[in-house]
Amino acid sequence: MKNLFNKGIINKKIAIPLYFQIKTHIENNIKNGQLSEGDMLPSEDELSRLLDVSRPTVRQALNELSAAGYLERKRAKGTCVTRPKIYKNYLSKLESFYHEMIDQGQRPVTKVISLSLVDNDETIAEILGCKSAVYLERVRYIDSKPVLYIESWLPATIYSGLLDIDMENNSLYDQMKELKNPVVRVERLISAIAAEARDAQLMDVPRKSPLLLSVTTGYDAQNKPVEYSLARYKGSSHKFRIELFV
């Protein structure tokens, strides 16, 4: 650990602020795996000595990394590496999980649990107005860890073509657009729930641990409901960003 922190990591002869050089060094080592989640950093005093900089300079670097979600500062315990939360513009922007994660520099991976036709589901029939629906069940991963479990239903009369598509490597909204009937607006209701048995299994969390549930109804250009989704997020992995205009 201490080998990562020495006077050689910063250059006092260039115009880049020292705190920013320290911040960048730590952030890069977190991203390349040299520093792992749970690793404890040296104290501010020790880092100040190792790097030959002032303690306020070290503190500014650590505070900015903490604000960005890379570090967690625990009183009387020290500073440890943590996993940055995934930001979701879920309440202000209609965008697929895949594209939003790519925009954030993440590497999303999707595993399809089920892709099939379902019939005579009273709830789905009432919401989507169809007797038969395409059912898509997926788990989304970031850095090999599950962060999202989502079930989606779509009218089979419009989207049966999805059954022939590799939904592990394609965005659902992109494919709905390819089938000439894209989602143009959604209604979402977000609430806190306790993980049930299947949630716990697929999300790799204990039963009854807290999850965020997003219930989405998507509408097409004719204002007809064409998507109903239940998305369960790890509360420890996500932050939701809301942008309001006046």
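**Figure 1. Phe20 and the aromatic pairs.** Let's start with Phe20, which is partly exposed at a relative accessible area of 38%. Here, buried means under 20% relative accessible area, exposed means over 50%, and partly exposed is in between (1.4 Å probe, protein chains only). The model you are looking at is predicted, so local features need a pLDDT of at least 70 and side-chain atom pairs count only at pLDDT 80 or more, while totals for chains, interfaces and linings use all residues. Residues are numbered from 1 along each chain as its sequence is written, and side-chain values use heavy atoms, leaving out hydrogens and water.

How many aromatic pairs does a search of the whole structure find? The search gives 3. In the pair of Tyr19 and Phe20, the ring centres are 6.3 Å apart and the planes meet at 85°, so this pair is edge-to-face. To count as a pair, rings of Phe, Tyr and Trp (its six-membered ring) need centres within 6.5 Å; planes under 30 degrees apart are stacked, over 60 edge-to-face, and the rest tilted.

**Figure 2. Tyr135 and Trp153 form a tilted pair.** Their ring centres lie 5.2 Å apart, with the planes at 40°. Tyr135 belongs to strand 5 (residues 132-142) and Trp153 to strand 6 (residues 145-155), so the pair ties together parts that are 18 residues apart in sequence. Helices (H or I, at least four residues) and strands (E, at least two) are DSSP runs, numbered from the N terminus. Are these two residues buried or exposed? Tyr135 is buried, with a relative accessible area of 11%, and Trp153 is buried as well, at 10%. Together with Tyr228, Tyr135 and Trp153 make up one aromatic cluster.

**Figure 3. Strand 5 pairs with strand 4 and with strand 6.** Two strands pair if DSSP finds at least two bridges between them. Look for Thr110, whose bridge partner in strand 5 is Arg140. On to strand 6: 10 bridges link this strand to strand 5, again in an antiparallel arrangement. Here, Arg138 has Ile150 of strand 6 as its bridge partner. The hairpin of strand 5 and strand 6 has 2 residues between the strands, and Asp143 takes a positive phi near 55° in this hairpin. Strand 5 is mostly covered, with 9 of its 11 residues buried.

**Figure 4. Strand 1 and strand 2 form an antiparallel pair.** There are 4 bridges between strand 1 and strand 2 (residues 78-81). Glu72 stands opposite Cys80 of strand 2. In this hairpin, with 3 residues between the strands, the positive phi near 70° belongs to Ala76.

**Figure 5. Glu44 sits in helix 2 (residues 44-51).** Glu44 counts as buried because its relative accessibility is 11%. The side chains of Glu44 and Arg59 are joined by a polar contact of 3.2 Å. A polar contact is a pair of N or O atoms within 3.5 Å; within protein, one must be able to donate a hydrogen and the other to accept it, and residues adjacent in sequence count only if both atoms are side-chain atoms. Setting aside residues up to four places away in sequence, Glu44 touches Arg55, Val58, Arg59, Leu62 and Arg73; contact means heavy atoms within 4.5 Å.

Why is helix 2 largely enclosed by the rest of the structure? Because 6 of its 8 residues are buried, including Leu47 and Leu50. Helix 1 (18-31), helix 3 (55-67) and strand 1 (71-74) are among the parts that cover these buried residues.

**Figure 6. The largest nonpolar core has 20 residues.** A nonpolar core is a set of buried Ala, Val, Leu, Ile, Met, Phe, Trp, Tyr and Cys residues joined through side-chain atoms within 4.5 Å. Phe5, Ile26 and Leu41 have the most contacts inside this core. Helix 1, helix 2 and helix 3 each give two or more residues to the core, and helix 3 gives the most, with 4 residues. Leaving aside neighbours within four places in sequence, Ile26 is in contact with Phe5, Leu35, Leu41, Leu62 and Leu65. Apart from this core lies another, of 12 residues, including Val134 and Met167.
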